[in-house]
Amino acid sequence: MVTEKKLGLGLQGGGSYAAFGWGVLDRLLEDARFDIAAISGTSGGAINAAVLADGFSQGGGREGARRALHRFWQALSSANMFSPLRHAFRLPDRNRFGSNVPRLPSDADNGAVLPPQMTPVSMNPLHGLLSSLIDFERVRRCEEIRIYVPATNVRTGKANIFVRDELDARMLAASACLPQLFAAVEIDGEAYWDGSFVGNPALSPLVGGAHADDILILQNNPIVRSKLPLSPADIVNRASEISFNVGFMFELRAIAHAGALADEEHPDRRRASRVRLHMISGNELLSNLDISSKFNLEWPFILQLHEAGRKAAGDWLASNASQIGVRSTIESHLVDHPERHAAGGR
């Protein structure tokens, strides 16, 4: 069934919080009123995008994408590979879901928050895992959906946007490479860190062209947290959350108010934008979780994030589906004052 309403999706990262994004995608894929024309994803959002394309490719369609996402998250939980320091965790806390949440070691535990480059701890385990769980040849052949994956060039500080036609495990690992935990990922002689520094997600690739005039952002990187971080590891994680939201909020405001936005790869250039903006946010839920829960891959916790994402998407569709192709559903005061949205304000 070919639909007239097309969506461009912007998927944020956030460690295991990307399971909330999986739930949103799972619900959106059930709705045949919309076609997903393009996805810009960062870190965990980029991984979700690649897995979706893998399942969708070569006739798999929506149901193939849904099955692929479920298989991937179940395998990821079993492998527990998002937590490279999992064997060095301190005693677990309990989160509101009742799952054990490991905490990253502090300076006093391991001597430093930042691991030295090229130690076993800093070697990125995602590359091998992604290679084994995603068929990148199928991803590259998924002509129905364009994919854009930003990573941060360590030398220049600028974004590099990898596209579906070239995508491989190194590029996804680069987009998810937290410098506090991993050595930089080298691609074609350049070193890359997490794409969230330059776009979480990068919205510029979704603007213009023949993609879609409606951009739906899946937000799962908390803007506001009610509790101050106290441990060195939590302080580092909170600082990352804040820095990862700066570029995102800049782009969002530029689109909403100025009708133009900077190109991630060429910040001195601006491109016109007449897109309609929409957002499904998990901030109200996720901001109440301990920061260390981003490293929790216990299957019950992942499933609860997934169900929360499905519910959020269902609620959003019930209220806003009729406005796709008509108008933006992000209200201007929520763009200018995101803390109101994070707190559940309207």
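This is a predicted model: local features need pLDDT of at least 70, side-chain atom pairs count only at pLDDT 80 or more; totals for chains, interfaces and linings use all residues.
**Cysteines**

How many disulfides does a search of the whole structure find? The search finds 0 disulfides. Select Cys142 next; its relative accessible area is 0%, so Cys142 counts as buried. Then move to Cys177, which is likewise buried because its relative accessible area is 0%.

**The whole chain**

Zoom out and show the protein chain as a cartoon. The chain has 12 helices and 12 strands. Colour the residues by accessibility: of the 346 residues, 58% count as buried. The contacts also deserve attention at this scale. Among contacts in the chain with a separation of 6 or more, 75% are between residues 24 or more positions apart.

**The largest cavity**

Turn now to the spaces inside the model. A search of the whole structure finds 2 cavities of 30 Å³ or more. The largest has a volume of about 270 Å³. To find it, select Gly14, Gly15, Ser43, Leu178 and Asp194, which lie nearest its centre. In total, 21 residues line this cavity. Which helix gives the largest share of that lining? Select residues 232–258 to see helix α8, which supplies 4 of the lining residues. Colouring the lining of the largest cavity by class gives 8 nonpolar, 10 polar and 3 charged residues.

**The second largest cavity**

Proceed to the second largest cavity, which holds about 40 Å³ of space. Select Leu7, Leu28, Leu29, Asp31, Phe34, Ile36 and Arg62, the residues that line it. Next, highlight helix α1 (18–30) and strand β2 (34–41); each supplies at least two residues of this lining. What classes of residue are found here? The lining of the second largest cavity has 5 nonpolar residues, 2 charged residues and no polar ones.

**Glu30 in helix α1**

Keep helix α1 in view and select Glu30, which is found in that helix. Is Glu30 buried, partly exposed or exposed? Its relative accessibility is 37%, so Glu30 counts as partly exposed; the buried class lies under 20% and the exposed class over 50%. Glu30 and Glu63 are 33 residues apart in sequence, and their C-alpha atoms are 8.0 Å apart in space.

Now display the contacts of Glu30. Leaving aside neighbours within four places in sequence, Glu30 is in contact with Arg66 and Arg310. Select Arg310 and show its side chain: a polar contact of 3.2 Å joins the side chains of Glu30 and Arg310.

**Asn153 in strand β5**

For the last stop, select residues 146–153 to show strand β5, and within that strand pick out Asn153. Asn153 counts as buried because its relative accessibility is 8%, and the buried class lies under 20%. Which residue has its backbone nitrogen 2.9 Å from a polar atom of the Asn153 side chain? Select Arg155, whose backbone nitrogen lies at that distance from the side chain of Asn153.

Key:
Residues are numbered from 1 along each chain as its sequence is written. Side-chain values use heavy atoms; hydrogens and water are left out. On a 1 Å grid over the protein atoms alone, a cavity is a set of points where a 1.4 Å probe fits but cannot get out, and a pocket is an open set with protein on both sides within 12 Å along at least five of seven lines; lining residues have an atom within 4 Å of a point. Grid points are joined across faces, edges and corners, and a volume is the space filled by probe spheres set on the points. Ala, Val, Leu, Ile, Met, Phe, Trp, Tyr, Cys and Pro count as nonpolar, Asp, Glu, Lys and Arg as charged, and the others, Gly among them, as polar. A disulfide is a pair of cysteine sulfur atoms within 2.5 Å. Buried means under 20% relative accessible area, exposed over 50%, partly exposed in between (1.4 Å probe, protein chains only). A polar contact is a pair of N or O atoms within 3.5 Å; within protein, one must be able to donate a hydrogen and the other to accept it, and residues adjacent in sequence count only if both atoms are side-chain atoms. Contact means heavy atoms within 4.5 Å.
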